[in-house]
Every structure is written in structure tokens, then in C-alpha cells.
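Reader: Could you walk me through a few residues in this chain? I'd like to start with the side-chain contacts and then move on to the core and the backbone.

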Amino acid sequence: MKLLRTLFFALSVAVLSGCCYCQKYQRLYGRPLHETKWTLVQAAGRPVEKTYVLVMHKGGDMEITGEGSTIAARYLDNKSGGITIDNLKLTHGEGGDQQLEEMLVSQLGTTTNYKMDGKFVMMIRNGEMWALYEAKEPRGTKRYKPEPEEEPESEW
């Protein structure tokens, strides 16, 4: 009986410790970093009035488009939150916020980390968040559901 109680306790601890609320939230509501359309909602501590959309492709290319302007770049993501962004090219369009676009280029080039939280991704430089992006689905689309992870085959 004592062995059964000990096994039950050990199993309970293992199950409960692996079910952190933040991990559950990210699994239910989070978006993948790559191939998601991230809308810029805040830059340098201020809300952004115009629409700028960031897309990071799996091959290492990224682009920010909005109001006729485009920022193209290459990035290297080390999967643990570190990121290096270089080869930035800005093409101004009519109707864009030129001052904001130039600030985005200068800040992107010095970004060192990113942090994902549900449907948000934060760009971090020198330990401080300088930009906040939100994954917004177009109207009429269903809520994102991540692909189920394949479980390894058991030898049992």
C-alpha cells in the first residue's frame, strides 16, 4: 500500500510540474514565429497608427510591409530567443511614416533577442523591448490551432 501511495504521489508531481499555465497558454493561443503575419502595434513605447506587417520566412528572409514601404532583411534565429538581423534594405512608399520606417531599420539592426507570449512577439535590444507585434487574423478566419506534435513510437 505504501508503494502504491508513493507511486501515485510521484506520478502526480510529474504531471502537475509539466503543466505550467504559461506553457498551456502558449500552446493554445500562441503563434509560430515563422510564416505568421505580425502587425506592429507599438514601437519605441508609442502606439503605431499606420499598419506595418512583419513576416519572417523559414529560409531566413524577413520583410516588413506597410503604407507602400518595404523593409527587407535577413535574420538568424537561434531558437532560444536570440536573433541577429542584417542586410536591411528600406524602400520608401507614398503615405508611409518615413521617420518611423527609418527608426525601424536602425532598431532592427541592433535587435538581440525576441520573446513570444501567446499572440505577441516582442523585439528586444539591450534588455529592453523596443517593438511589439501582434498576430492578427483577418476577419472570417478561424482561430489558429497549432499542428499536433507527433509522439515518438513507443517500444512497448
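This is a predicted model: local features need pLDDT of at least 70, side-chain atom pairs count only at pLDDT 80 or more; totals for chains, interfaces and linings use all residues.

Reader: Okay, which side chains does the polar contact of 3.0 Å join?

Author: That polar contact runs between the side chains of Trp130 and Thr111, at 3.0 Å.

Reader: And where does Trp130 sit, and is Trp130 buried or exposed?

Author: Trp130 belongs to strand E9, which covers residues 128-135. With a relative accessible area of 6%, Trp130 falls under the 20% cut-off, and therefore counts as buried.

Reader: What does Trp130 touch, not counting residues up to four places away in sequence?

Author: Its contacts, with that exclusion, include Met103, Leu104, Gln107, Leu108 and Thr111, as well as Met123, Ile124 and Arg125. Gln42, Ala43 and Ala44 are also among the residues that Trp130 touches, and although Gln42 and Trp130 are 88 residues apart along the chain, their C-alpha atoms are separated by 8.0 Å.

Reader: Switching to the core, which residues touch the most other members there?

Author: The largest nonpolar core has 26 residues, and those touching the most other members are Leu40, Leu54, Met56, Met62, Met123 and Tyr133. Among the elements that give two or more residues to this core are E1, strand E3 (53-56), helix H3 (98-108), strand E8 (120-125) and E9.

Reader: Take Met56, then: what is in contact with it, leaving aside neighbours within four places in sequence?

Author: Met56 is in contact with Leu33, His34 and Glu35, with Asp61 and Met62, and also with Tyr75, Ile83 and Met123.

Reader: You mentioned Glu35. Where does Glu35 lie, and what is its phi?

Author: Glu35 lies in the loop between helix H2 (21-29) and strand E1 (38-43), and its phi is near 65 degrees, a positive value in a residue other than glycine. Glu35 is partly exposed, with a relative accessible area of 44%.

Reader: What about the phi of Asn87?

Author: Asn87 has a positive phi too, of about 55 degrees, and is not a glycine; Asn87 lies in strand E6, residues 83-91.

Reader: Last one, Thr39: buried or exposed, and what does it touch?

Author: Thr39, in strand E1, is buried, with a relative accessible area of 14%. Beyond residues up to four places away in sequence, Thr39 touches Thr51, Tyr52 and Val53, together with Leu132, Tyr133, Glu134 and Lys136.

Conventions. Residues are numbered from 1 along each chain as its sequence is written. Side-chain values use heavy atoms; hydrogens and water are left out. Helices (H or I, at least four residues) and strands (E, at least two) are DSSP runs, numbered from the N terminus. Buried means under 20% relative accessible area, exposed over 50%, partly exposed in between (1.4 Å probe, protein chains only). Contact means heavy atoms within 4.5 Å. A polar contact is a pair of N or O atoms within 3.5 Å; within protein, one must be able to donate a hydrogen and the other to accept it, and residues adjacent in sequence count only if both atoms are side-chain atoms. A nonpolar core is a set of buried Ala, Val, Leu, Ile, Met, Phe, Trp, Tyr and Cys residues joined through side-chain atoms within 4.5 Å.
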